[in-house]
Amino acid sequence: MTALQDRSSATGNSGDALVRFTQVKKSYDGIQYVVKDLNLDVAKGEFLTMLGPSGSGKTTTLMMLGGFERPTLGHILLDGKPVEKLPPEKRNIGFVFQNYALFPHMTVAENVAFPLRYRGIKGDAAREKVKRALGRVSLEAMGDRKPAQLSGGQQQRVALARALVFEPSLVLMDEPLGALDKQLRERMQLEIKHLQTSLGITMVYVTHDQSEALTMSDRIAVFHDGRIQQLADPKTLYNAPENRFVAGFIGENNTMSCSFVGQEADLAVVKMADGSVLKAASVPPVGTDLTLSVRPENIMLAGDRTPHGANLFSGTATDVFFLGDHMRLSVQAFGGQIITARIPVALSRAFQSGETVHLACMPADCRLLEG
């Protein structure tokens, strides 16, 4: 098993898994695999986000779980039972699509009631379930309206109510907020997370938006090239990326080539491209050619108040932007690499392009990555 395969098998609590992928592969042409050796557990009551760029395999994985695609190899278990051969309507899974897929000729209540037809639920029982589902998303008074009479956020809530109306064991969401403006999208993130937590629903959420993933998730699976590159809670994923792809994809990160030259206490000593020496949080290096990563917010101006033991380096300012609460400063350092720093406005000063800037970062904020 490769290192990436081993990472993808991590679980929240494997004994309490609602979903389990075991050695799942998917190919559309019999040659290229778009999902490769996927091992993944989703715990009951968990909010798991599949995050990655287009073509990374995240949506295909969601479609296999929902029953819209069948795996080429491997097994998918739902509550301990194999489901890879079951059609979507037999899986007791709710689904929310990016375009909501609401029927324009039906009322809100009729849209929400639609999944109940396939389950033989009619009459008073169906009306009670619809009422309860609309209440959960605060749309009790809008059951008689048509989708066109609702805002984008209200339509998204209707789609969510429809996914919840038959009380599924699992809800899948495929880029559900992609069509909303930024302010509404951020508000809906909080509403969905609150609903998921209050109802104890298991949710698997697909997005390419890292801020969405960091805001809402209990754990995030970062997909790239058909594999999970890292599976972790948001804080760990942001502060401790395991490879160069994750470091570059999650948030903004400075990644710089370096060589491992030795160990000093619990810190690794590395040589940069220009020969300067820095220290980083130690990891057992696989080879001598490594990548040093450090977040822009962890780079500070060097001066009298610089903490003892900080890495000190200098560079030439290339760009300076005022962004309200901070300055975004780009500096050419280490023999030509561009380093970005976010300097709080209260600690910044006027910078001129071309001037020499002295910077610092703490070794604990520097990560060593393979390659």
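The model is predicted: local features need pLDDT of at least 70, side-chain atom pairs count only at pLDDT 80 or more, and totals for chains, interfaces and linings use all residues. Residues are numbered from 1 along each chain as its sequence is written, and side-chain values use heavy atoms, with hydrogens and water left out.

**Confidence**
- The protein chain has a mean pLDDT (the predictor's confidence in each residue, from 0 to 100) of 89, and 94% of its residues reach 70 or more.
- Confidence is lowest in helix H1 (residues 3-8), at a mean of 42, and highest in strand S3 (residues 47-51), at 98.
- Helices (H or I, at least four residues) and strands (E, at least two) are DSSP runs, numbered from the N terminus.
- Over residues 1-14 pLDDT stays under 50, and the model has 30 contacts (heavy atoms within 4.5 Å) for them beyond four places in sequence.

**The sheet**
- Four strands form an open sheet with antiparallel pairing, in the order S2-S1-S4-S5.
- Strand S2 (33-43) and strand S5 (81-82) are the edge strands, each pairing on one side only.
- Two strands pair if DSSP finds at least two bridges between them; strand S1 (residues 17-27) and S2 pair in the antiparallel sense over 7 bridges.
- Ala17 has Ala43 in S2 as its bridge partner.

**Pro82**
- Strand S5 contains Pro82, which is exposed (over 50% relative accessible area, 1.4 Å probe, protein chains only) at 54%.
- Beyond its neighbours within four places in sequence, Pro82 is in contact with Ile76 and Leu77.
- The C-alpha atoms of Pro82 and Ala240 are separated by 35 Å, and the two residues lie 158 residues apart along the chain.

Definitions and conventions: Buried means under 20% relative accessible area, exposed over 50%, partly exposed in between (1.4 Å probe, protein chains only).
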